[in-house]
Amino acid sequence: WFRSAVIKENAMPEGLMTLLFSNIDPIYEFHRGFLKELDQRLALWEGRSNAHVKGDYQRIGDVMLKNMCVLKEFTSYLQKHDEVLTELEKSSKRLKKLETVYKEFELQKVCYLPLNTFLLKPIQRLMHYKLILERLCKHYSPAHRDYEDCKEALKEVAEIASQLQSSLIRLENFQKLTELQRDLIGIENLTAQGREFIREGCLYKLTKKGLQQRMFFLFSDMLLYTSKGVTATNQFKVHGQLPLNGMIVSQ
């Protein structure tokens, strides 16, 4: 959907198109095949298919093992997602047309999350496979016929996950910062090198008019406080920026 939106408006430079889609397409195609295999296995498992021996199909480890081994070949694509997200963000700041198409696309029903969140999904999904397989291995007894395959599949996916763990942490932080950059009015360059988002929360300020709500955002190097809902798009207006360097916190 996003591809057709940028092609229609001719809004994305050739280089960025290649970078973005040459990384996304192979992973997308792999998952289409993976989903099909899972659907077929479930149909056999639940007896919706005309399999003669139902029992043979009541396992999932073999499908997981096969696909986790294939997924391993895509590690280099997943490692590039860092570059993809950064380039997409840079280009949409630089190119007015792309920024417009990007923003309009995010308002569509099909884009029910910020667009760059979708780009994180393949790596996050990988971590989910690892958790699911860990649960399966705990669930089965070592004597269960599905146990060995699940254990092997877990070994494969754990290997890829450990390679991509630091990448994912960095990506999730970058995604959060770019999202906040759009939501906060009055602060530039929120995605500065080395800055980490820590938490957000609401506090009240006692004024002559009584208690007023303020939204606080804590980063690794500063604390921002803002008021909410000043624009039609419900953005936050930054009232103050406190550097953490030299700050004393008392309870």
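Visitor: What makes glutamine 181 count as buried or exposed?

Guide: In this predicted model, the relative accessible area of glutamine 181 is 15%, and since buried means under 20%, glutamine 181 is buried. Glutamine 181 has its place in helix H8, and, leaving aside its neighbours within four places in sequence, it is in contact with Ile187, Glu188, Asn189, Leu190 and Thr191.

Visitor: Why is the pair of glutamate 89 and arginine 182 called a salt bridge?

Guide: The closest N and O atoms of glutamate 89 and arginine 182 are 3.7 Å apart, and because the cut-off for a side-chain nitrogen and a carboxyl oxygen is within 4 Å, the pair forms a salt bridge. Glutamate 89 belongs to helix H5 and arginine 182 to helix H8 (residues 147–183), so this pair ties together parts that are 93 residues apart in sequence.

Visitor: How do you know which accessibility class each of these two partners, glutamate 89 and arginine 182, belongs to?

Guide: Glutamate 89 has 8% relative accessibility and therefore counts as buried, the limit being under 20%. Arginine 182, with a relative accessible area of 26%, is partly exposed, because that class lies between the limit for buried and the one for exposed, which is over 50%.

Visitor: What separates glutamate 87 and lysine 90 along their helix?

Guide: They are three residues apart in helix H5 (residues 81–94), so about one helical turn separates glutamate 87 from lysine 90. Glutamate 87 counts as partly exposed at 28% relative accessibility, and lysine 90 is partly exposed with a relative accessible area of 47%.

Visitor: How do you know that arginine 32 and glutamate 29 form a salt bridge, and where do they lie?

Guide: For arginine 32 and glutamate 29 the closest N and O atoms are 3.7 Å apart, which is again within 4 Å, and the conclusion is a salt bridge. Arginine 32 and glutamate 29 lie three residues apart in helix H2 (residues 14–45), so they are separated by about one helical turn. Arginine 32, at 48% relative accessibility, counts as partly exposed, as does glutamate 29 at 43%. In general, side chains of opposite charge can pair when their charged atoms come close.

Visitor: How many salt bridges does the structure hold, and which residues are linked in a network?

Guide: The structure holds 16 salt bridges, and Arg41, Arg59 and Asp62 are linked in a network of them. The protein chain has 37 positive and 31 negative side chains, with the centres of the two sets 7 Å apart.

Visitor: What is the order of the secondary structure elements in the protein chain, and why is the chain called more spread out than a compact globule?

Guide: From the N terminus on, the elements run α-α-α-α-α-α-α-α-β-β-β-β-β. The radius of gyration of the protein chain is 23 Å, whereas the globule rule gives 18 Å for 251 residues, and because the value is well over that figure, the chain is more spread out than a compact globule. The C-alpha trace spans about 75 × 55 × 30 Å along its principal axes.

Definitions and conventions:
Residues numbered from 1 in each chain as written. Predicted model: local features only at pLDDT ≥ 70, side-chain atom pairs only at ≥ 80, totals over all residues. Heavy atoms only, no water. Helix = DSSP H or I, 4+ residues; strand = E, 2+ residues; numbered from the N terminus. Rg over C-alpha atoms; globule rule 2.2 N^0.38 Å. Lys, Arg positive; Asp, Glu negative; His and termini not counted. Charge placed at Lys NZ, Arg CZ, Asp CG, Glu CD. Buried < 20%, exposed > 50% of the residue type's maximum accessible area, 1.4 Å probe, protein only. Contact = heavy atoms within 4.5 Å.
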